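Please walk through this protein from its overall division down to its sheets and helices. The description below follows that order.

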Amino acid sequence: MNKIRHLTILGSTGSIGESTLDVVNRHSNLFKVVALTANNNVEKLLAQCRQFQPRFAVMLNPAHAERLAHAINQSDLDTTVLAGVESLEKVASLPEVDVVMAAIVGAAGIRPTFAAAQAGKLVLLANKETLVMAGRIFMDTVHQHNATLLPIDSEHNAIHQSLPHDFNGNLPTKGIRRILLTASGGPFREVSLDSLVHVTPEQACAHPNWDMGRKISVDSATMMNKGLEVIEAHWLFNAPAENIQVVIHPQSVIHSMVEYIDGSVLAQLGNPDMRTPIAHAMGYPERIESGVASLNMFEVARLDFEAPDFKRFPCLKLAYQALEIGDNMPAVLNAANEIAVESFLEEKMSFTAIPTMIEHVMKEVKQETIQSLTDLLAVDNVAREVARDWLKFST
C-alpha cells in the first residue's frame, strides 16, 4: 500500500472489531483509526479510544454515550463522542475515511453499512444481515456508487481468494461449477437428537473451534449461521442456491472451496482465526502480517467431511427455502431468528423451538418484493412482532 488507509470500525468492541484493532496495532504505519463504535460497552470502547485515539467514538445508546463522553473528557482525549444510528451513518461516510469495517451484529448494522457503500468506501463486510436482508438493493448500491466490497466471513473470504482474480460475477464463463461452503457442525454435530431439547445457552455457546459472540455461537449450533452464509454467497458471487453446497468439516481448517468444471477444487486453508480474513481484506490486494500462527499440517493430520443432516439442522433447510422463495423472505427468516436466539439465550424457550418459531413466522408473513431500505425495515418489524406473538402464546 502506498498510503495510509483511514479506518472506521463499526462494532469495535465485538470479536471482529477487536481482531481488526489487533491487525491495526501490528501495522500502525499502514492504518489510522478515525472512528470506533459500540452498542453499550462503555469501558471497552473507552480503553480502545485511549489506545487508538480516534477522532470520533459513537455509541448507539445515548445514555451510554453520555457516560463515555464524561470519561473521555476526564482522560483529556481529543475524541468527539456521538450517539445514535445517524451518527453511525456519519462516521461510516466521512470524507477522510477510506475503509469501513462493518462488524455490527444484527439488523442494527444495515443503515451504516449502506451509508458506507453510498459514500463509495472500501467496505469490509462482516455484518451478515446486510446481504441476507437486503442483498439485491445493497449490491445495487455498491455498484451504483463505485464502492468496493470485500467479505470478512472466513468462508466468503476463502471463496474470494479461491476465485479467479478477474471474477466478474458469472460462474459459467469463469469455468466454475459450484461453491463449497464449509461448516464445523458446531457443538451438537454428534449428540442424540432427543437430547437437543435440553440444551442450555452455555452449551450452545461453547463452540469447538471458534471464539465468537453468543448470538453467532447459537447460530453456529443451529447451523443458521451457515444458512445465512448461503444467502450471502448467493449475492456476493451471483451463485444460485443449487450451486452452493454446504460441507460439514469439523476441523475448520479448510474455510471454503471453489469447484471448477475441469475437476479442480481450489481451497483456502488456515488456522481458525478471524485475523486471517481481516488482514487479507485490509491489505488487499497486497498481503500483510496478521499475527496468526502458521498452520501445522502434521498436527491437523486428518480432514473429515460429511453432508449436513436437515433433521439435525432444520434452520439450514429453512435458510435454503427462504433463498429459493426470495423477495422479503430472507429478511423474515433473519428477523425471526434474531428473536428466537434472543429468547433462547434469555431461557424463555428451548433450543429446539428456534426453528419452530422461524418456520411459523415464514408462513405467517406475506411474501412481497423489497424496493427500498424503508420497505426492508418495515418487513423486519412485522416479522419480529409475529415472532414475539408466537412466543407469548407458546409459553
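**Domains, sheets and helices**

The C-alpha centres of domain 1 and domain 2 lie 25 Å apart. Domain 1 covers 5-151 and domain 2 covers 160-272 + 306-394, with bounds that come from an automatic or database domain assignment. Their contact (heavy atoms within 4.5 Å) takes 20 residues from domain 1 and 26 residues from domain 2.

This is a predicted model, in which local features need pLDDT of at least 70 and side-chain atom pairs count only at pLDDT 80 or more, while totals for chains, interfaces and linings use all residues. Residues are numbered from 1 along each chain as its sequence is written, and side-chain values use heavy atoms, with hydrogens and water left out.

An open sheet of 7 strands has the order β4-β3-β2-β1-β5-β6-β7, with parallel pairing. Helices (H or I, at least four residues) and strands (E, at least two) are DSSP runs, numbered from the N terminus; two strands pair if DSSP finds at least two bridges between them. The edge strands, each pairing on one side only, are β4 (80-83) and β7 (148-151). From one strand to the next the twist averages 20 degrees. Strand β3 (residues 56-59) runs parallel to β4 and is joined to it by 4 bridges; Val58 stands opposite Leu82 in β4.

Helix α5 packs on this sheet, touching β1, β5 and β6 (122-125), and its direction makes about 150 degrees with that of β6. Axes are lines fitted to C-alpha atoms, for helices over the stretch in contact, and angles run from 0 to 180 degrees between N-to-C directions. Helix α1 (residues 15-26) lies across β1 (5-10), β2 (31-38) and β5 (99-102), at about 160 degrees to β1.

How do α5 and α6 meet? The axes of α5 (residues 110-118) and α6 (residues 128-144) come within 11 Å and cross at roughly 20 degrees. That makes α5 roughly parallel to α6, a term for angles under 35 degrees. Residues of α5 including Phe114 and Ala117 meet residues of α6, among them Met133 and Ile137.

A second open sheet has 4 strands in the order β9-β8-β10-β11, with mixed pairing. Strands β9 (244-248) and β11 (265-269) stand at the edges with a single partner strand each, so one side of each is left without a neighbour in the sheet. Strand β10 (residues 254-260) pairs with β11 in the antiparallel sense over 5 bridges, and Glu259 stands opposite Val265 in β11. Helix α7 (residues 154-162) packs on the sheet, touching β8 (176-183), β10 and β11.

Methods:
Angles under 35 degrees count as roughly parallel, over 145 as roughly antiparallel, 65 to 115 as roughly perpendicular and the rest as oblique.
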